[in-house]
There are 2 protein chains.
Amino acid sequence: MHRPRRLPLLLILLGLLPAVARALLPPPRFPGPHARPRPRAGTGDGVGGGYEFETRYFRQRLDHFSFSGEEEFFQQRYLVGRAGAGGWAGPGGPIFFYCGNEGDIAWFAANSGLVWDAAPRFAALVVFAEHRYYGESMPFGSKDKAYNNSRSMAYLTAEQALADYAVLLTDLKRNLSSESSPVVLFGGSYGGMLAAWMRLKYPHIAVGALASSAPILQFEDIVPDTIFYDLVSNDFKRESLSCFQTIKDSWKELDEQGNGQDGLLKLSKTFHLCQTLNTTGALSDWLSSAYSYLAMVDYPMPSEFLMPLPANPIKEVCRNIDKQPEGSSILERIYAGVNIYYNYTGTVDCFDLDDDPHGMGGWDWQACTEMVMPMSSSEGLSMFLPDEFDYALYADDCVKNFGVRPRPRWISTEFGGHNISSVLEKFGSNIIFFNGLLDPWSGGGVLKNISESVVAIVAPLGAHHIDLRPATKEDPDWLVSLRESELEIISGWLSDHYGARGGALFQRATNKDSAAS
Amino acid sequence: MHRPRRLPLLLILLGLLPAVARALLPPPRFPGPHARPRPRAGTGDGVGGGYEFETRYFRQRLDHFSFSGEEEFFQQRYLVGRAGAGGWAGPGGPIFFYCGNEGDIAWFAANSGLVWDAAPRFAALVVFAEHRYYGESMPFGSKDKAYNNSRSMAYLTAEQALADYAVLLTDLKRNLSSESSPVVLFGGSYGGMLAAWMRLKYPHIAVGALASSAPILQFEDIVPDTIFYDLVSNDFKRESLSCFQTIKDSWKELDEQGNGQDGLLKLSKTFHLCQTLNTTGALSDWLSSAYSYLAMVDYPMPSEFLMPLPANPIKEVCRNIDKQPEGSSILERIYAGVNIYYNYTGTVDCFDLDDDPHGMGGWDWQACTEMVMPMSSSEGLSMFLPDEFDYALYADDCVKNFGVRPRPRWISTEFGGHNISSVLEKFGSNIIFFNGLLDPWSGGGVLKNISESVVAIVAPLGAHHIDLRPATKEDPDWLVSLRESELEIISGWLSDHYGARGGALFQRATNKDSAAS
């Protein structure tokens, strides 16, 4: 059984943790394939989530921004939708390009149904590009070599990834004799950040971007650093005040039990752990991970995005916490709650808190270089223990673990973020920022329209990039309708692009059945 | 005596040149300090062209786009205008930031009077930032070390330079407690390209850019590759058809004489060279350099930008070519002509064609990496011998000379250029593209308005970034008036920025005498 990697919150907080448990200090993570068993990585063609694609590889430059004379390349994987009945319009026709995130691209392809579902309506070619250093797109020939040390990892940055996409798209269009094709970018989470940044940095390469749940403001002091955990907490509080309070009370309880006679052994039994705990911190971490991920995937329909989960999983967790018989201890209630997350299928006999065999992860590296997203937990609003982001400690750990010092101000220097409304009000165009307010990452998202064409679509009941998820019969009306709004905006970008010239191509597309899915 | 470094045109053309003469294959150059004696590089404060500034240094990161863990820094020089009577408005007040080109920043500061002249009107702080690998801003501690080999030069790119400016500005504003300051970018020639690209890539750092004579379209096949030399030729033709024809006929004449008995000796005498020629190619090169530079600096007033020159120097050159007594040979006429360029002061006894002691130049490197600007000479319109750009030869020479292979498509992938009007029509804002049509670089410039705020200002009688030059009493009305138009547009950007908030600051500026200079 896999589990989401731990969140740093309590590691920083609990001074009791021995140094070894703090050896890695990963940031809050986006949900992704690192949090679940990996899909089989096929090297040939494939079907992901029912979508048929061809797997291709592109000889990609390792360092776009220097010219040392020692040219290094790697094979970047990308998936191209297979032309079917509703296939591509052909040269000049639209290209829907998904900006791969921090994981295997096949997984994102399988979980981004909107792109596939919408493509036939616009006769668009679907391309999912894998992010360097993830999945099969490994520099130096293998993951071991790519992840060997700080010198081999040096080129794992968002800027290099964006340049990859720019080069790949330019080459792809040329090879298809389709230089005039309008490209629409898609991306969710970190991929959504890349999509938005790419539209801003490479407007000549893409006509617009749907940036879903992209916390591009979660840097420096642009948004309050307590917002993430406040939002997680709020998701629990809105379901049940007593559930929220039980969780809030549980940390002290855990700590006390852990410090008692045979405390760690007892805790290990209460939580059905496969191995006896070394620290209560590891358990706290396991629990807080679950809460954070639950907030991200608090979808109103059953999902298997991270784990098999019921609809409205937080409601279910809280129901379990609250419904335990009178006299149940706080920790018994907590155990009953997280069971929904870690063992909804009921097939797990015991839980393994330390089952990540991969060691150094790509996102950990990114968080220790440029993706520095300060996270604190507030005294008042959070159900987590109060905690303040300690940059010095964070940076020291990065030096210790990866041999690099973060550049905490670099992302906002390179991509902006401060005063984004006034900066983009008269600059830039054609970006949709989608956010679901249940998603704790929405705290770092763009939640208000910036201009006529840099717009925010906000779903009060939505979680992490729910708009991108494959359509299901259980989709609530608001979701169907917001997806339709997004596609109408995209349709407008394409109309603008085709304008006078090439209108026929677009005609073909818009004359099709215009149902959203 | 210094001379402009040679243009590649005839080197490629004349197969007769021995390999050694083709060892360096520089591209057409922008005028710059490489073409004239360097200003004394002071390390303290200084006065350039009468403008008082303080010299400062910033600890700049060598590679912004990778994280190898081995952090390398260098001292980047920048000049800050000295606060005087018409000094900076203070925190929140405007910053006028000149994006340094391929040369000593003091020279650009001395030759960009518009920035200094306009600053008091807006109570703006003036900053001139030096481009990495030029002037004193040398990585690895010295020019010798920085220019040692392809590994040491690897980070001499436009992208790194832009990131330098972004980081420097961000830090500068923070240190001045002036984060809200609107930054207006200025730049001429390559510096103008940087200013335009910086506004496009870093809109959160600067509110607008005056990109003067910035040939951002002189890449790939965006503009015809014959346009540069056609424009040079046209500048001569418009002054005198017979002058144009004499030059056009001179190449064959040169070649024939050079191949005759004692030909090179005779040629050396005719042209008063200090040393006997080894090849006619070296002389052709020296001549074509003069014509190209003359076209760039064909100003309507006397100037000392590259060389001391009279007003309308091409008119003077052609007058000298045409007015020689009947029976004068073609080459005697040519000599009389170029004397205006190389010896207007009349102090030169003999000309040294090989007086560049610097060897490998920074711009040569840039031209061999990303700044690949294809240049041909057309059969019909050019006064130069017809010649077609041979990329394979160009690239091979780069490998030979610098150990790097160019990426001829990278600039347009990274910064765009194709279909710039449709790309920027609804994206981007606040850029002025100035071009003078006498300037051969105007062929690669933006000559038409793209949108309401991405505008072209075109001076039919202007040469290379004449708008930026210090105001003189001889300035024609059209020049005074176009500078005023530029400043009014910039004033609009600042008004937009201040809007409701901080209006008072701006009030102070606009209440001042609004004369342009």
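A290(A) is buried, with a relative accessible area of 0%, a value that comes, like every other one here, from a predicted model. The residue belongs to helix α11 of chain A, which covers residues 280–296.

**Surroundings of A290(A)**
- When its neighbours within four places in sequence are left aside, A290(A) is in contact with V338(A), Y341(A) and Y342(A).
- M301(A) lies eleven residues from A290(A) along the chain, and the C-alpha atoms of the two are separated by 18 Å.

**Strand β6(A) and its partners**
- Strand β6 of chain A, made up of residues 183–188, is largely enclosed by the rest of the structure, because six of its six residues are buried.
- Burial holds for both faces of the strand: V183(A), L185(A) and G187(A) point one way from β6(A), V184(A), F186(A) and G188(A) point the other way, and all are buried.
- Strand β4 of chain A (residues 95–99) runs parallel to β6(A) and is joined to it by four bridges, and in this pairing F97(A) stands opposite L185(A).
- Strand β7 of chain A (residues 208–212) also pairs with β6(A) in the parallel sense, here over five bridges, and the bridge partner of G188(A) in β7(A) is S212(A).

**Relation between the two chains**
- Chain B is superposed on chain A by a rotation of 180° with 0.0 Å of shift along its axis, at an RMSD of 0.0 Å.
- The two copies are therefore related as by a two-fold rotation axis.
- The copies meet through the same surface, since 100% of the interface residues of chain B are also interface residues in chain A.

**The interface**
- Across the interface, 50 residues of chain B are in contact with 50 residues of chain A.
- About 4200 Å² is buried between chain B and chain A, and 57% of it is on carbon and sulfur atoms.
- On the chain B side, F67(B), R407(B) and F427(B) lose the most area to chain A, and together they account for 21% of what that side buries.
- Four salt bridges are counted between chain B and chain A.
- E70(B) forms a salt bridge with R151(A), in which the closest N and O atoms are 3.2 Å apart.

Technical notes: Residues numbered from 1 in each chain as written. Chains lettered and ligands numbered in written order. Predicted model: local features only at pLDDT ≥ 70, side-chain atom pairs only at ≥ 80, totals over all residues. Heavy atoms only, no water. Buried < 20%, exposed > 50% of the residue type's maximum accessible area, 1.4 Å probe, protein only. Helix = DSSP H or I, 4+ residues; strand = E, 2+ residues; numbered from the N terminus. Pairing = 2+ DSSP bridges. Least-squares fit on C-alpha atoms with pLDDT ≥ 70 in both. Contact = heavy atoms within 4.5 Å. Buried area = accessible area lost by both parts, 1.4 Å probe. Salt bridge = Lys/Arg side-chain N within 4 Å of Asp/Glu carboxyl O.
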